Amino acid sequence: MDTVRNRIKAVLEAVEQMIYSDRQPVISVKIAKADYHFEEEFHREGKDFRDFGRNETWGELDQHYFFLADVAIPEQMEGHTVRAVLNTGATDIWNTDNPQIMAYVNGRFAATLDMNHQFIILSEHAKAGETYELAFLCVFQCVCRHVYRYEFLPPGAGSLPGRGGGTLL
C-alpha cells in the first residue's frame, strides 16, 4: 500500500508545481511578537518588527507573532486575478494542530487561514505596480519552526483548468 501511496504523492507533487508558473519570491518579510486578540484593523505602528530570514526558526510556548510583507504587482500580472498564499511549509502535526492565522490586507482583516484555506484574493484585475501590505497574525500554543514561502505566481501554460490567475505565495 505504501508503494501506491508514494506514487500518488509523487504525481500530486509534480502536478502541484504545474498549477502556477513563474514564481517570484517576496524578499523582505518582517516579524514581531504579538498579543492574542482579534482586531478588524492592523496597524504596524507600535510593533517591534525586525527582518525575518528564510528558514529562520521561531516560536515559543503560547507566543503569537505578526508577519509583515509589502508586495507590488509585477508587470506580467497586469489584468489577472492575484492571490496571496501563505504556506508554512510544515509537513507535520503543526498544520492540523495550530491552524490559527488571521490575514490582513492593507490594514483590514481579510480572512483566516489554515492548512485547508491558504489563500486570499488580492485583486480580480491586478494593476502593475499596485502595492499591498500583507500582515498575518499567527497564533500558536507550541514551539514551532516556520519556513515561509511567499512568491508571485502568474498564470501560464502550466495552469490547471479553474486554477489560472496570478498568485502571491
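This is a predicted model: local features need pLDDT of at least 70, side-chain atom pairs count only at pLDDT 80 or more; totals for chains, interfaces and linings use all residues.
**Exercise 1. Determine which network contains Arg44, Asp70 and Glu133.**

*Solution.* Step 1. The side chain of Arg44 also forms a salt bridge with that of Glu133, again 2.8 Å from N to O. Because Arg44 is in the loop between strand 2 and strand 3 and Glu133 is in strand 9, this pair ties together parts that are 89 residues apart in sequence.

**Exercise 2. Describe the salt bridge of Asp51 and state how many salt bridges the structure holds.**

*Solution.* Step 1. The structure holds four salt bridges. In one of them, the side chains of Asp51 and Lys30 meet at 2.5 Å, N to O.

Step 1. Asp51 is in strand 3 and Lys30 in strand 2, so placed that the pair links distant parts of the chain, 21 residues apart.

Step 2. Asp51 counts as exposed because its relative accessibility is 53%. Lys30, at 29%, counts as partly exposed.

**Exercise 3. Classify the ring pairs Phe42–Phe66 and Phe52–Phe67.**

*Solution.* Step 1. The count of aromatic pairs comes to five. For Phe42 and Phe66, the ring centres are 4.9 Å apart and the planes stand at 55 degrees, so the pair is tilted.

Step 1. Phe42 lies in the loop between strand 2 (30–34) and strand 3 (50–51), and Phe66 in strand 4 (residues 64–72); the pair therefore ties together parts that are 24 residues apart in sequence. Both Phe42 and Phe66 are buried.

Step 2. Phe52 and Phe67 form an edge-to-face pair, with 5.1 Å from centre to centre and 80 degrees between the planes. Phe52 is in the loop between strand 3 and strand 4, and Phe67 is in strand 4, 15 residues apart.

Step 3. Phe52 counts as buried at 3% relative accessibility, and Phe67 is buried at 2%.

Step 4. Ring pairs also link Phe42, Phe49, Phe66, Tyr104 and Phe109 into a cluster.

**Exercise 4. Is Ala135 buried or exposed, and which residues does Ala135 contact?**

*Solution.* Step 1. Ala135 is located in strand 9 (residues 131–139). Its relative accessibility is 0%, so Ala135 counts as buried.

Step 1. With neighbours within four places in sequence set aside, the contacts of Ala135 are Phe42, Phe67, Leu68, Met102, Ala103 and Tyr104.

**Exercise 5. Identify the residues of the nonpolar surface patch and locate Leu12.**

*Solution.* Step 1. Val4, Ile8 and Leu12 make a nonpolar surface patch of about 290 Å².

Step 1. Leu12 is part of helix 1 (residues 2–19), and at 56% relative accessibility Leu12 counts as exposed.

Methods
Residues are numbered from 1 along each chain as its sequence is written. Side-chain values use heavy atoms; hydrogens and water are left out. Patches are made of residues with over 30% relative accessible area and no salt bridge: like charges are joined within 9 Å, nonpolar side chains (Val, Leu, Ile, Met, Phe, Trp, Tyr) within 5 Å. Accessible areas come from the Shrake-Rupley method with a 1.4 Å probe; for residues, only the protein chains shown count as cover. Helices (H or I, at least four residues) and strands (E, at least two) are DSSP runs, numbered from the N terminus. Buried means under 20% relative accessible area, exposed over 50%, partly exposed in between (1.4 Å probe, protein chains only). Contact means heavy atoms within 4.5 Å. Rings of Phe, Tyr and Trp (its six-membered ring) pair if their centres lie within 6.5 Å; planes under 30 degrees apart count as stacked, over 60 as edge-to-face and the rest as tilted.
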